[in-house]
Amino acid sequence: MNAPLNRNRILWALLAICLLLIPLGMSNYLTYLINLSGIYAIAIIGLNILMGLGGQMFFGPVALMAMGAYGAASLANHLNFPFYISIPLSGVITSILSLTIAFPALRLRGLYLAMVSVGYHFILEQIIGGWDSFTGGYNGLNLKKASLGGIPLASDKAFYYIMLLAVVLCFLGARNLMKMRVGRAIWALGQDPVAASIQGINVTSYKIAAFMVCAFYCGISGGLLAHYLRYITPYHFTIAIAIMLLVGMIVGGWGSLGGSIMGGFFVTFLPEVIGFFKDSFLGASVALYDAQETISGILIIVVVIFIPKGLAEWVKGFKSRWRYNQREGGDRDR
Amino acid sequence: MLIQLITGGLAIGSVYALIALALVLIYKGSRLLNLAQGELVTIAAYFSLAILTQARLPYLAGLVPAVILAGVFALIVERIVIRPVVSSEEWSILLATWGVSITIRGLIGLIWGHEPRPLPSPFTGQHLHWGAYALSAQEMVIIVTSLFMLLIFYLFFKGTKAGLAMQVVADNQMGASLCGISVGRINALTWMISGMVAAVAGITISPIFFLQVEMGFELLLSAFSAAVLGGFGSIVGAIIGGYLLGIIQAVTGGYMPEAIKSSVPFALLILVLVIRPTGLFGKAGVEKK
């Protein structure tokens with residue numbers, strides 16, 4: 001009985017060592033991509049709690065990320081907060097500000113919420129672009145370098161460890177949340193609001209809670225992005241990125257946390273991989289951006305038709321077939 | 001001033017009305033929101049650009065083959081992408097239509113590039129003088145063409161067997177298939193008609209706004225707001241909502257800063273959904289799922 005547990009522990013330890021050593025052997029650009037993937041993965045985890053678990057069709061995660069990013073930037077610039085305070089605080093600020101969409105959302109379902117959240121995103125984008133004195137408008141906003149005890153953390157590799165810590169904390173937090181009363185209530189709400197209210201779940205307050213949790217994650221993701229790029233503009237928070245996060249969530253797996261992280265890597269690396277192979281397959285004259293759009297569009301269609309449950313379930317399918325003779329029992333890690 | 005604003009609003013409103021009609025048709029037929037509708041508009045406009053510049057047809061004669069081409073294109077999209085996923089969950093269909101939309105955008109970028117292009121029209125810059133007012137001729141063309149399209153659509157919908165079958169499928173899919181109507185075929189027809197209706201919108205608006213890869217998404221959002229304003233799921237509502245939104249947008253744009261103009265559809269959308277989610281013409285029991 002002890003043997004599989006020990007093996008699991010060894011695997012976890014190996015994984016941890018690998019994660020800690022990863023940046024040593026990587027180029028700066030690859031580390032940059034990994035950092036971005038991690039930052040997006042955090043937002044996708046939040047989106048997954050709201051959409052995958054709570055069943056709310058929300059298209060505005062990037063509006064929340066923008067709130068977190070500008071919040072963190074102003075905390076760092078005006079109040080001189082260090083990054084390890086301004087990033088969590090930006091999550092809190094964002095989850096309070098998210099009430100502005102959570103309350104209208106109480107009356108909306110399905111596609112209606114989806115479209116209203118698109119509108120919410122655009123209105124916020126206009127506010128950020130127009131509010132020059134606070135956000136710097138389309139000229140952008142600069143941030144000071146993040147530092148820890150006087151040592152600046154400017155390099156991609158130094159930031160990797162901040163990102164890693166944040167992703168691990170967010171992942172564990174979300175995993176525990178899903179097993180707590182709040183998480184289960186949000187899940188019940190996503191399955192069937194009427195049945196949930198019969199079970200004694202206060203639909204209104206848990207719907208708001210789902211939005212606030214999602215906003216907390218998106219805010220942290222935005223705060224990390226602001227501190228990492230040290231220069232933010234409205235162009236970092238467009239609707240295209242919101243859709244990208246959505247694609248990441250669905251490709252990774254509806255309601256799956258591991259899938260969220262896979263999704264973050266998928267959406268960050270897909271354009272790079274397409275760009276890498278473009279010249280040899282399509283020729284250098286083909287515009288990179290258009291090739292990326294076309295191929296990712298086709299890939300989305302292929303995933304929806306052939307892997308409707310997402311990558312996480314797909315991988316799990318392989319794993320369970322492989323494990324079939326070694327261990328019995330259902331999928332207990334759900 | 002006000003008269004010009006209102007005719008301008010009616011012109012852009014007819015475009016919204018046509019696209020909203022296309023959205024509602026597909027929604028009623030198969031209970032899905034087509035996020036690629038805007039790109040169907042864009043590609044129809046590029047088809048017409050290709051036809052007008054390659055075949056050197058006159059503007060109004062070039063319109064017809066472009067519309068037919070757009071209808072066939074929508075039919076192909078339905079067959080390849082939508083039919084395999086039509087019975088799966090809401091979000092996965094939504095994502096599939098989004099995939100279509102990105103693919104079309106990428107293809108347009110690959111073929112025609114990203115610079116804004118004018119669609120040549122003999123009516124651009126021409127004005128009709130009516131009393132003291134000078135009205136833009138292209139706007140009149142938009143209004144008349146879309147009214148004509150709506151008339152054709154009305155005759156088809158009310159007067160033909162296929163139109164009747166479409167209404168039956170929209171009302172009750174199970175019942176329709178029990179009556180011997182092929183639901184799959186009717187859905188394909190719905191897609192084709194939506195593609196053609198949206199194509200008219202795209203081709204007539206392009207001489208005013210330049211042709212751009214991104215034009216479709218913005219039109220889609222406005223058209224969705226229009227459809228919600230009229231009560232999503234109601235065909236008459238979608239058309240009237242389109243005209244109303246166009247006029248409201250034009251008039252607010254004329255008297256308020258330009259930046260507010262593009263937020264009008266969303267502000268209206270949020271207002272309608274929060275105050276009266278069934279819209280102007282929606283039935284009280286309309287399914288909000």
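## Confidence in the model

pLDDT is the predictor's confidence in each residue, on a scale from 0 to 100. This structure is a predicted model, in which local features need pLDDT of at least 70, side-chain atom pairs count only at pLDDT 80 or more, and totals for chains, interfaces and linings use all residues. Residues are numbered from 1 along each chain as its sequence is written, while chains are lettered from A and ligands numbered from 1 in the order in which they are written.

Chain A has a mean pLDDT of 81, and 91% of its residues reach 70 or more. Over residues 329–334 of chain A, pLDDT stays under 50, and the model has 1 contact beyond four places in sequence for this stretch. Two residues are in contact if their C-beta atoms, placed from the backbone, lie within 7 Å. Where pLDDT is low, the predicted coordinates should not be read in detail.

## Chain A as a whole

Chain A has 15 helices and 4 strands. Helices (H or I, at least four residues) and strands (E, at least two) are DSSP runs, numbered from the N terminus.

The C-alpha trace of chain A spans about 60 × 55 × 50 Å along its principal axes. A compact globule of 334 residues would have a radius of gyration near 20 Å, and the 20 Å of chain A agrees with that. The radius is taken over C-alpha atoms, and the globule rule is 2.2 Å times the number of residues to the power 0.38. Of the contacts in chain A with a separation of 6 or more, 76% are between residues 24 or more positions apart.

## Buried residues

Of the 334 residues of chain A, 46% count as buried. A residue is buried if 20 or more other C-beta atoms lie within 10 Å of its own, exposed if 12 or fewer, and partly exposed in between, with C-beta atoms placed from the backbone.

A:I39, in helix α2 (residues 28–53) of chain A, is buried because 27 other C-beta atoms lie within 10 Å. Not counting residues up to four places away in sequence, A:I39 touches A:M163, A:S221, A:L224, A:L225 and A:Y228. A:I39 and A:Y228 are 189 residues apart in sequence, yet 9.5 Å apart in space, C-alpha to C-alpha.

In chain B, B:L49 lies in helix α2 (residues 37–55). B:L49 counts as buried, with 20 C-beta neighbours inside 10 Å. Leaving out residues up to four places away in sequence, B:L49 touches B:R117, B:L119 and B:L211.

## Two packed helices

Two packed helices are described by the angle between their axes and the distance between the axes. Helices α3 (residues 61–78) and α6 (residues 110–130) of chain A pack at about 30°, with their axes 9 Å apart. That makes α3(A) roughly parallel to α6(A). Angles under 35 degrees count as roughly parallel, over 145 as roughly antiparallel, 65 to 115 as roughly perpendicular and the rest as oblique. Axes are lines fitted to C-alpha atoms, for helices over the stretch in contact, and angles run from 0 to 180 degrees between N-to-C directions.

From α3(A), A:V62, A:A63, A:A66 and A:Y70 meet A:Y120, A:H121, A:L124 and A:I128 in α6(A). These residues divide into 7 nonpolar, 1 polar and no charged. Ala, Val, Leu, Ile, Met, Phe, Trp, Tyr, Cys and Pro count as nonpolar, Asp, Glu, Lys and Arg as charged, and the others, Gly among them, as polar.

## Where the chains meet

The contact between the chains takes 33 residues from chain A and 32 residues from chain B. On the side of chain B that touches chain A, two or more residues each come from α3 (59–85), α4 (90–112), α9 (215–230) and α12 (264–275) of chain B. The largest share of that side, 15 residues, comes from α4(B). By class, the side of chain B that touches chain A has 21 nonpolar, 7 polar and 4 charged residues.
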